[in-house]
Amino acid sequence: MSFILQRALSAVVLFLSCLPVIGVADPVPELPVDPIYLWAEKPLVSPDREHIKDQRVYAVDNPSMIPYWPAAEKANGTAVVIFPGGGYVRLAIDHEGHDIAKWFAERGVAAFVVKYRMQEHGFPAPLLDGLRAVRLVRQNAADWGIDPAKIGVIGFSAGGHLAASVATRSDFTFALDDPLGDVSARPDFAILGYPVIALYGPDAHAGSRKALLGENPDPKRLHDNSLQFQVKANVPPVFMLHGIGDQAVPVGNSLAFFSEVQKHNKQSELHIYQTSIHGVGMIQGQGTVSSWPQALEAWMSQNQWMGKQ
């Protein structure tokens, strides 16, 4: 090939490379697949005491959330932040975490399973982790294909206490400033499964109280963390489920909380089932309580948080 022809071809290639590309969208940010550390601006705690025993997670030092993404054709913009239960001592990470997240993702909802700090750190560490998880999802909503006005929380047992705390105490502040403090931590809806609500009185869950607040908690702190007293006019819509014979966390916890919620939010529902099971998760074959996911799906669809919009 002659030198002149080579120069001519080079000029054509250069010209074409400078033309705008028509019909090609800007690259979409990749969705994270690895655990997302909640406090990335802080150095990791080392050594990290976190370990797994009997399919439960213990001693979380570096709180994180594990994302589950719906298929693109199913995604509806809703997200849910999941708090597994375990009495603030351990996390039932599978049946009250990963299984729940998969169920939501199959129905178009992005889900985040949170490993929050527990008894090794005490109050207010779990609440701060819960608030930060909601803020992180809302801060990244645009990049993650999430509607910032469709972010909810779900928790079970002590995780229900944390979810209810986030729903009622989203303006909680502590001595250390949160760099994301300007991002709202208020969830747009809350789902509470057989939740711990009362930390004193006849329905109190003594194990959660001790793990969260210690042996002899300050009376005001005890009152503030008994969440029937924290319900305010801005409480988000709440869906609750509980077994009427629950021996671990008495049904009075849900009754007391819902009694306050119904004064302010008429989009809420309470489902009491004929069972003594605690920690049912999504286990099938346990009578009517096993149908609670269908009731939840109907409630979320009615309120436009589930189903293709």
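In which order do the three strands of the open sheet lie, and is the pairing parallel or antiparallel? In this predicted model, the three strands follow the order 2-3-6, and the pairing is antiparallel. Helices (H or I, at least four residues) and strands (E, at least two) are DSSP runs, numbered from the N terminus, and two strands pair if DSSP finds at least two bridges between them. The edges of the sheet are strand 2 (51-53) and strand 6 (90-91), each of which pairs on one side only. Strand 2 meets strand 3 (residues 56-58) over three bridges in the antiparallel sense; I52 has V57 of strand 3 as its bridge partner.

The model is predicted, with local features requiring pLDDT of at least 70 and side-chain atom pairs counted only at pLDDT 80 or more, while totals for chains, interfaces and linings use all residues. Residues are numbered from 1 along each chain as its sequence is written, and side-chain values use heavy atoms, with hydrogens and water left out.

For F104, contacts (heavy atoms within 4.5 Å) beyond its neighbours within four places in sequence are made with V80, V109, A111, I154, I191, L296, M300 and M306.

The whole structure has one cavity of 30 Å³ or more. On a 1 Å grid over the protein atoms alone, a cavity is a set of points where a 1.4 Å probe fits but cannot get out, and lining residues have an atom within 4 Å of a point. Grid points are joined across faces, edges and corners, and the volume is the space filled by probe spheres set on the points. The largest cavity has a volume of about 40 Å³. Helix 3 and helix 5 (158-168) are the elements that give two or more residues to its lining, and helix 5 gives the largest share, three residues. Among the lining residues are Y88, F123, H161 and N225.

Finally, K74 lies in the loop between strand 4 (64-68) and strand 5 (79-83). K74 counts as partly exposed because its relative accessibility is 42%, where buried means under 20%, exposed over 50% and partly exposed in between (1.4 Å probe, protein chains only). K74 and G108 are 34 residues apart in sequence, yet their C-alpha atoms are 4.6 Å apart in space.

Key. 1 Å grid on protein atoms, 1.4 Å probe; cavity = no way out; pocket = protein on both sides within 12 Å on 5 of 7 lines; lining within 4 Å.
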